[in-house]
Amino acid sequence: MALLDVQGLTRHFGGVGAVFELSFSVNEGEILGLIGPNGAGKTTVFNLITGFVRPSKGTIRLDGQSVVGLRPHAVARRGIARTFQIVKPFPGLSVRENVTLAAFLRHPARKDAEAAATAQLTRVGLAGRVDELASQLTLMDQKRLEMAKALATRPRLLLLDEPMGGLNATEVDDASDLVRQIRASGVTVVLVEHVMKAIMRISDRVVVMNQGEKIAEGRPERVVEEPAVLAAYFGKRVA
Amino acid sequence: MTRRLLPALLGVAVLVAIPLSIRNSFFLHVCILILMWTVLGAAWNVLGGFAGQVSFGHAALFAVGAYTTIILYLKGGLAPWWGIPLGGLAAALVSVPIGLLCFRLRGPYFALATLAVAEIVKLVALNWESVTAGSVGYLITTLPPVRLFGLEVNWEGKPPFFAAAAVLAVVALLTTGWLRNSRLGAYLVAIRENEDAAEAVGIDTVRAKVVTLALSAFLAGMGGGFYAFYFRYVDPDAVAGIGLSMEMVFIAVVGGLGTVGGPLIGAVFLTAVAELVRDRFQMGHLIFYGLFMMLVIRFMPEGIWGRVRRLTPGARTGG
């Protein structure tokens with residue numbers, strides 16, 4: 001059975017449809033790329049899955065259990081963690097405290113939570129900056145911090161919203177390695193990304209969205225050749 | 001540990017020494033006011049300073065406590081030392097539906113909603129005459145005779161009230177100190193820093209805020225109960241006015257938001273300002289409060305206590 005199963009997911013904002021009849025599933029241990037042009041509805045899909053926005057229609061099941069209608073903190077408790085495209089650190093707190101707050105979800109005692117936080121910070125490569133304020137980190141490091149926070153909630157499914165946006169080529173390679181290493185540790189990953197090089201390299205499967213609908217799905221190297229995908233990105237004449 | 005224990009012991013020693021050594025009843029009165037405002041500033045600070053939820057309506061909670069205490073005493077004969085904690089409890093109960101309603105809003109919208117709640121409570125107090133005696137209010141003429149260590153307590157003197165206020169202030173500061181080191185306190189700081197990010201890492205932000213509001217209301221309600229018992233008079237203007245809500249904000253901000261000692265420092269400074277100018281201007285102290293607050297926000301936005309802590313070597317941030 002799929003770890004995450006989304007069926008007929010629909011969300012309107014007033015008269016505007018952001019996501020329409022979207023169905024896809026994510027298998028345990030997979031890296032699924034969710035791609036599409038700007039405004040395709042990818043971030044809205046993340047907001048719907050994590051409870052920040054309620055679906056107008058449709059079902060979302062984690063391991064067979066519906067998560068529709070749960071508030072974001074309850075979704076996190078069920079085992080779905082996310083990062084934000086525009087990073088949302090706790091800016092006035094230290095890097096360690098940022099992640100400790102997330103680790104409290106599974107470790108009620110501060111000492112245990114701090115130890116778990118330190119472990120995640122080492123994993124993402126921030127071990128040397130634990131005492132700095134989150135607001136003083138570079139963008140790359142703030143993206144690492146987002147991942148450490150999400151991982152500290154011990155998720156089964158991790159939703160990464162453009163973890164590589166704004167990074168240079170070397171940093172993209174580092175981030176790709178990190179995502180693969182996260183998957184290797186037993187966490188299933190859904191990745192929204194515009195950096196095609198990274199998507200092609202690390203995803204097992206991709207789902208392509210355009211204007212709120214799924215237009216293609218499959219192995220990355222096959223999907224990018226489909227006419228509907230080319231049309232969505234470059235216009236009909238190219239396709 | 002000694003760094004925390006020493007100031008605490010020193011504080012208790014001062015609290016014991018003041019009523020024993022000072023015979024000037026005006027000075028004792030000022031000390032009682034400082035302690036009462038410490039409780040109220042601490043009540044506001046728990047919600048406004050730690051969780052970043054700015055309330056302009058804490059007078060509503062103060063009023064619930066004040067009315068509960070005085071009504072229980074006058075109609076039920078319940079002594080103030082039971083009435084004050086019950087006043088706190090009543091305020092905490094009332095705060096839960098208020099919180100569930102107002103916490104649907106964020107930032108300035110939350111602040112405006114609390115302002116409206118305080119006005120509603122004041123109107124209820126004015127018009128629900130069978131319970132609140134309307135604009136006439138309630139007056140306590142005599143307090144019950146009590147013997148403590150074989151001595152008759154003299155309710156006409158200040159020391160018994162000083163003792164009561166001191167106990168409440170210690171409770172309020174201990175509560176704040178506990179909160180700062182607790183998981184709930186850490187959650188509140190996370191909510192203040194970024195509410196969406198707090199939810200995303202599994203923090204039930206609504207529950208944390210409602211629980212904190214109830215805690216804050218308990219302290220504010222006990223402050224109101226003490227007020228009723230010390231001033232012996234409760235009417236809607238005295239206990240539910242907007243000025244009262246504002247003074248709680250001033251004290252917490254001037255002292256230092258989200259710090260433990262801040263409300264005490266803020267209460268000392270603002271009570272001193274108020275008493276210094278009260279002779280010359282009837283309501284003028286509020287103008288001077290405002291001026292004082294503007295100066296503090298301009299030159300030390302972290303508050304007096306926050307600034308002192310930052311200048312102390314080795315001080316932890318966020319304390």
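# Terms and values in a predicted model

User: What makes strand β3 (residues 31-35) and strand β9 (residues 205-210) of chain A a pair?
Analyst: The two strands run parallel and are joined by 4 bridges. Strands are DSSP runs of E with at least two residues, helices are runs of H or I with at least four, and both are numbered from the N terminus. One of the positions concerned is A:I35, whose bridge partner in β9(A) is A:V208. This is a predicted model, in which local features need pLDDT of at least 70, side-chain atom pairs count only at pLDDT 80 or more, and totals for chains, interfaces and linings use all residues. Residues are numbered from 1 along each chain as its sequence is written, while chains are lettered from A and ligands numbered from 1 in the order in which they are written.

User: Why are β6 (80-82) and β10 (213-218) of chain A placed at the edges?
Analyst: The open sheet holds 6 strands in the order β6-β7-β8-β3-β9-β10 (chain A), with mixed pairing. β6 and β10 of chain A each have a single partner strand, so one side of each has no neighbour in the sheet. Direction ignored, neighbouring strands here are turned by 20 degrees against each other on average.

User: What packs on this sheet, and what does it touch?
Analyst: Helix α6 (residues 169-184) of chain A does, touching β3, β7 (157-161) and β8 (188-192) of chain A. Touching means contact, with C-beta atoms placed from the backbone and lying within 7 Å. The direction of the helix makes about 150 degrees with that of β8(A); such angles run from 0 to 180 degrees between N-to-C directions of lines fitted to C-alpha atoms, for helices over the stretch in contact.

User: How do you know that strand β4 (residues 57-62) of chain A pairs with β5(A)?
Analyst: There are 2 bridges between these antiparallel strands, which just meets the requirement of at least two. A:R61 stands opposite A:S66 in β5(A). They belong to an open, antiparallel sheet of 4 strands in the order β2-β1-β4-β5 (chain A).

User: Why is α12(B) called mostly covered?
Analyst: Of its 14 residues, 11 are buried, among them B:L244, B:M248, B:F250 and B:I251. The cover includes α2 (25-50), α3 (58-76), α5 (108-127), α13, α14 (285-299) and α15 (303-311) of chain B. After the helix comes B:G256, with a positive phi near 140 degrees.

User: Why is B:G262 called buried?
Analyst: A residue is buried if 20 or more other C-beta atoms, placed from the backbone, lie within 10 Å of its own, exposed if 12 or fewer, and partly exposed in between. B:G262 has 30, so it is buried. This residue lies in helix α13 (residues 262-278) of chain B. Leaving out residues up to four places away in sequence, B:G262 touches several others, including B:N45, B:A252, B:L257 and B:W305.

User: What makes A:E21 and B:A133 partly exposed?
Analyst: A:E21 has 14 C-beta neighbours inside 10 Å and B:A133 has 19; both counts fall between 12 and 20. A:E21 lies in strand β2 (residues 16-26) of chain A, B:A133 in the loop between α6 (129-132) and β1 (138-139) of chain B. Most residues other than glycine have a negative phi. Phi is positive at A:E21, about 45 degrees, and at B:A133, near 65 degrees.

User: What makes B:V39 stand out in the largest nonpolar core?
Analyst: A nonpolar core is a set of buried Ala, Val, Leu, Ile, Met, Phe, Trp, Tyr and Cys residues joined through C-beta atoms within 7 Å. This one has 167 residues, and B:V39 is among those that touch the most other members. Beyond four places in sequence, the contacts of B:V39 include B:L168, B:A172 and B:M222.

User: How confident is the predictor in chain B?
Analyst: On the pLDDT scale of confidence in each residue, from 0 to 100, chain B has a mean of 87, with 94% of its residues at 70 or more. Over residues 314-319 of chain B the value is below 50.

Definitions and conventions: Contact = placed C-beta atoms within 7 Å.
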